Each structure stands twice: as structure tokens, then as C-alpha cells.
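The following exercises are intended for a reader who meets this protein model for the first time.

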Amino acid sequence: MLHQLTDEVPEKVKPLMKNFWPGPLTILFKKRINVPDSVTCGQPTVAVRMPSHPIAHKLIELSNLPIAAPSANLSGRPSPTTADHVLEDMQNRIKCIIDGGSCSIGLESTVIDVFREYDSICVPFLCYKKIHCAVFCLF
């Protein structure tokens, strides 16, 4: 499904995908022309994450499409770990919620940008040592 979003998967991100997907790792890829600006806020990159929850996997499988899904909290608010947290934070801003149970991790995913002059870790949930080892130690 990644091929629907990008034409380029740099070799240096393949070990990260292998070791941390599915899971809390978001990787920025150069977007394909078909990816709407509304998904990327007009940026030339698209943020891709492979979730670990089985319900998310089933939604992706059944739709046969990548799913653009923002965080389930208002900007600046803590990440929710339950459906009740989402409902409380969103206060009638959403029509439906799929309750898959409590999240095992209530933190934002690590975001890796490999298209800058120097690779950039934007939200360091995964420790740098684990990422470095996945790229350099395992191969």
C-alpha cells in the first residue's frame, strides 16, 4: 500500500520499517502526485505510519486504501488512551468512534524525516539508541 503514497522508499528507512512497523513510528516520504494537499497540508512529503491495532489493520484491509487519520485529540491536549478520553476531548465534534479498548501506549509516535540534509527525529518516542541500532547494528 505504501506504493500508493510514494514512489521512493530510501534504503536507509527499510530497516526502520522492518523493526518498528507496525508500531509507533511515522516516516515522512516524498508524496506521489495523487496524494491530496488536504492530506499533507500542501507539503511535499506524506507522513506514513503502520498501526499495530488489529481493528486499524482490518479497516485498511477492507478499504484497500491508505487511511488519513489525524490524532484523536485537540491540538495541545494530551494523547487519549481510551474512547472515553476521546469523547471528552472532542465534545460533540465527532459523529462516531470505534472503541478498540485502551491503548497500550499513550504517547505520540516518533516521526522520522529522512529528506532533510541531516535525518531528523521530530518526536522522539523511540529512543535514538534503538533507531540507530536498527539501522546500523542489525545489517
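Each exercise below consists of a task and a worked solution. The model is a predicted one.

**Exercise 1. The core**

Task: Determine how many residues the largest nonpolar core has, and which of them have the most contacts inside it.

Solution: 
- Step 1. The largest nonpolar core comprises 15 residues.
- Step 2. Within this core, the residues with the most contacts are M17, W21, L25, I27, F29 and V48.
- Step 3. At least two residues of this core come from each of α1 (14-20), β1 (25-30) and β2 (45-49).

**Exercise 2. A salt bridge with a buried partner**

Task: Identify which residue forms a salt bridge with D89, and decide whether D89 is buried or exposed.

Solution: 
- Step 1. The partner of D89 is R77, with the closest N and O atoms 2.6 Å apart.
- Step 2. D89 belongs to helix α4 and R77 to the loop between α3 and α4, so the pair ties together parts that are twelve residues apart in sequence.
- Step 3. A residue counts as buried under 20% relative accessible area. D89 has a relative accessible area of 7% and is therefore buried.
- Step 4. R77, at 42% relative accessibility, is partly exposed.

**Exercise 3. Further salt bridges**

Task: Find how many salt bridges a search of the whole structure gives, and describe the pairs K14 with E11 and E61 with K58.

Solution: 
- Step 1. As a general point, side chains of opposite charge can pair when their charged atoms come close.
- Step 2. K14 and E11 are joined through their side chains at 2.8 Å, N to O. K14 is partly exposed at 37% relative accessibility, whereas E11 is exposed, at 58% relative accessible area.
- Step 3. In the salt bridge of E61 with K58, the closest N and O atoms are 3.6 Å apart. Both E61 and K58 lie in helix α3, three residues apart, which is about one turn of the helix.
- Step 4. An α-helix has 3.6 residues a turn, so residues three or four places apart point the same way.
- Step 5. E61 is exposed, with 52% relative accessible area, and K58 is partly exposed at 41%.

**Exercise 4. Surface patch and cysteines**

Task: Name which residues make the nonpolar surface patch of about 330 Å², and report how many disulfides a search of the whole structure finds.

Solution: 
- Step 1. The patch is made by I55, L59, I67 and I98.
- Step 2. I55 is located in helix α3 (residues 54-63) and is partly exposed, with a relative accessible area of 32%.
- Step 3. The search of the whole structure finds zero disulfides.
- Step 4. C41 is exposed at 69% relative accessible area, and C103 is partly exposed at 43% relative accessibility.

Terms used
Residues numbered from 1 in each chain as written. Predicted model: local features only at pLDDT ≥ 70, side-chain atom pairs only at ≥ 80, totals over all residues. Heavy atoms only, no water. Patch = residues over 30% accessible without salt bridge, like charges linked within 9 Å, V, L, I, M, F, W, Y side chains within 5 Å. Areas by Shrake-Rupley, 256 points an atom, 1.4 Å probe, with all protein chains shown as cover. Salt bridge = Lys/Arg side-chain N within 4 Å of Asp/Glu carboxyl O. Helix = DSSP H or I, 4+ residues; strand = E, 2+ residues; numbered from the N terminus. Buried < 20%, exposed > 50% of the residue type's maximum accessible area, 1.4 Å probe, protein only. Disulfide = S-S within 2.5 Å. Core = buried A, V, L, I, M, F, W, Y, C linked by side-chain atoms within 4.5 Å.
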